Amino acid sequence: MRADFFGKCAEYADLAAKIQENLLTVTPMSRQELEQAITAPAKQVNLTVEPELVEQIIDDMGDSPGILPLLQYTLTEIWQQRTGEGKLTLATYSRLGGVKGTLQKRATEVYEGLSGEEQEAAKRIFLELTQLGEGTEDTRRRVLLGDLTGENREKVIQKLADARLIVTQEETKENQKFVVVDVAHEALIRHWLLLRKWLDDNRDRLREKRKIEVAAEEWRSFNKRKDYLLRGGQLKKAKAWQKREGGKLGLPPLAGEFIKVSEKNRKRELLLTAGWLTIPIFVVFLAVAPHLRQQRYDAALEKIKNPKQAGTKEALELLSEGCWIKWMPENFITASLFGKCHDLSFAKLSSANLRSADLSSADLSSAKLVGANFINAELVGADLSIANLINAKLIGAKLIHAKLMNANLSSAELVGANLSSAELMGANLINANLSSANLSSAKLMGANLSSADLFSADLFNTNLSSANLSSADLSSANLSSADLKKAIYTKETKLPKNFDPSKNEMLLIAPGVNLSGADLSFIDFGSADFQGINLTNANLESSLLGNVKNLTPEQVKAAKNWEKAIYDEDFNKKLGLK
């Protein structure tokens, strides 16, 4: 069992207890043990191994983590090239290029076995795991899993870890657990030709990126004081890099937040400074700036009428640039200095590429965003209520405090998205992929999560009352302190092991279940099967029953407030309702 999987095992009480009772830590092998691992299997099949070969392999392996899979691969290659005398020789090993050669071949094979999108993710991961040398050789760099960005990140990390090209390890610091990612062999950085090419092509860009990250870390270490924010030329360079390279190389969440807060601080300082401008300059500014700004707005509004043309992302960012100052009343001066917060509800942005866009606090309520690409986008505090986001890609997007009430997110991709404290009341999340998403303290009252994937999602303190969780996958999800009163589930719903739905006052919806006297008001039952369900004296006020299967008028009329429930047109006729 790899150490980084212990955290997952701990979620299952019985398994965790068994592991604890039988725990045996496997330490790195000594030189003598490695020698035995090389020679003993060969001896069993009447193969001899040259002593010089054993010494050279062990010397070349060094003390890198995860050397056993590389040792196995290297010996397999030597065995396939063995001489007719039944001997594994140093000459064969040298001809293969030693550990460096076999490692390079192995890395290339694994990389070529990935899909095109996965190869892009792998490239970004290896670049992140490399510490650029300053007059010295490039070396390994340990990175937090949460700081690695990009689509397919977790899937690719798993594949690379399974192939032992990288290693992941769970560590604890200040009572917090986090996963650290590292290359398995430093020789990979120095001798894998493909990685060397990537590094050479991106060295200058990576140096700029590292400077931003170091400054962001310093800012965090000083409790995010504004004295350590970027200003002037440094801020300008950081923003230019983010716009130019952010989509290719990505920035960790902290660095992205650092640039954003720095920009907001610059605007606040500009507002304060404006008060000291001389009157003539200020008058000229107020006379000219609005006119120039309006010209840009008109061009941007024209651009988003056709979401497939280039510049849509930039146009939307411009039209929402003033949204962050909602705490100030919008007037002539603030609009002149910081721009307006346009109502974008009219926008037809289906399939628009808005990857990594900064639309924080933007007003996109009721907007048509079917299939839009919001991967890694900044949507903190954005208003997306009633928006059509069917099949939208929101992987890794930041939606903290976002408003998504009654939004249509069916089949949307929200893997790893941050929706903490978001408002999702009544949202349609049927078939949505929310695996590993952060939904802590989010409001999902009455949301329809039927068949949604919530595997490993963080639902701490989340309000899921009256939500539809039929056939949803909540296995390994964190449901501690979550409010699940009146949330409905079916026999197909996957819940965490040892989780008791009855203690959380959840309602099982399945053929033949007795729900007499239950409060079923304001629940969207989706396409649940009501065959034989006993609804005697159950409260159906404002329940959504338009798509349920096998419902009969007799069942309904045995309940309370049945005439206040919502049915389809045909069933209304059967009930004698208008």
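User: Before we start, what does contact mean here?

Analyst: Contact means heavy atoms within 4.5 Å. This is a predicted model, so local features need pLDDT of at least 70, side-chain atom pairs count only at pLDDT 80 or more, and totals for chains, interfaces and linings use all residues. Residues are numbered from 1 along each chain as its sequence is written, and side-chain values use heavy atoms, with hydrogens and water left out. For contact, then, the cut-off to keep in mind is 4.5 Å.

User: Which residues does Glu 171 touch, leaving out those up to four places away in sequence?

Analyst: Glu 171 has its place in strand S6; strands here are DSSP runs (E, at least two residues), helices are runs of H or I with at least four, and both are numbered from the N terminus. With those up to four places away in sequence set aside, Glu 171 touches Arg 142, Gln 176, Lys 177, Phe 178 and Val 180.

User: Is Glu 171 buried, partly exposed or exposed?

Analyst: Buried means under 20% relative accessible area, exposed means over 50%, and partly exposed is in between (1.4 Å probe, protein chains only). Glu 171 has 23% relative accessibility, so it counts as partly exposed.

User: How many bridges join S6 to strand S7?

Analyst: Two strands pair if DSSP finds at least two bridges between them. S7 covers residues 176-183 and runs antiparallel to S6, and Glu 170 stands opposite Val 179 in S7. The number of bridges joining S6 to S7 is 8.

User: How far apart in space are Leu 165 and Arg 106, C-alpha to C-alpha?

Analyst: Leu 165 lies in the loop between helix H9 (153-162) and S6, and it counts as buried at 2% relative accessibility. Its contacts include Arg 106, Phe 126 and Val 183. Although Leu 165 and Arg 106 are 59 residues apart in sequence, their C-alpha to C-alpha distance is 8.7 Å.

User: And Leu 127, what is its relative accessible area?

Analyst: Leu 127 sits in helix H8 (residues 116-128). Among its contacts beyond four places in sequence are Trp 198, Leu 206 and Leu 249; Leu 206 is 79 residues away in sequence and 8.2 Å away in space, C-alpha to C-alpha. Leu 127 is buried, and its relative accessible area is 1%.

User: What volume does the largest cavity have?

Analyst: On a 1 Å grid over the protein atoms alone, a cavity is a set of points where a 1.4 Å probe fits but cannot get out, and lining residues have an atom within 4 Å of a point. Grid points are joined across faces, edges and corners, and the volume is the space filled by probe spheres set on the points. The lining of the largest cavity includes Leu 404, Leu 424 and Leu 444. Its volume is about 40 Å³.

Notes. 1 Å grid on protein atoms, 1.4 Å probe; cavity = no way out; pocket = protein on both sides within 12 Å on 5 of 7 lines; lining within 4 Å.
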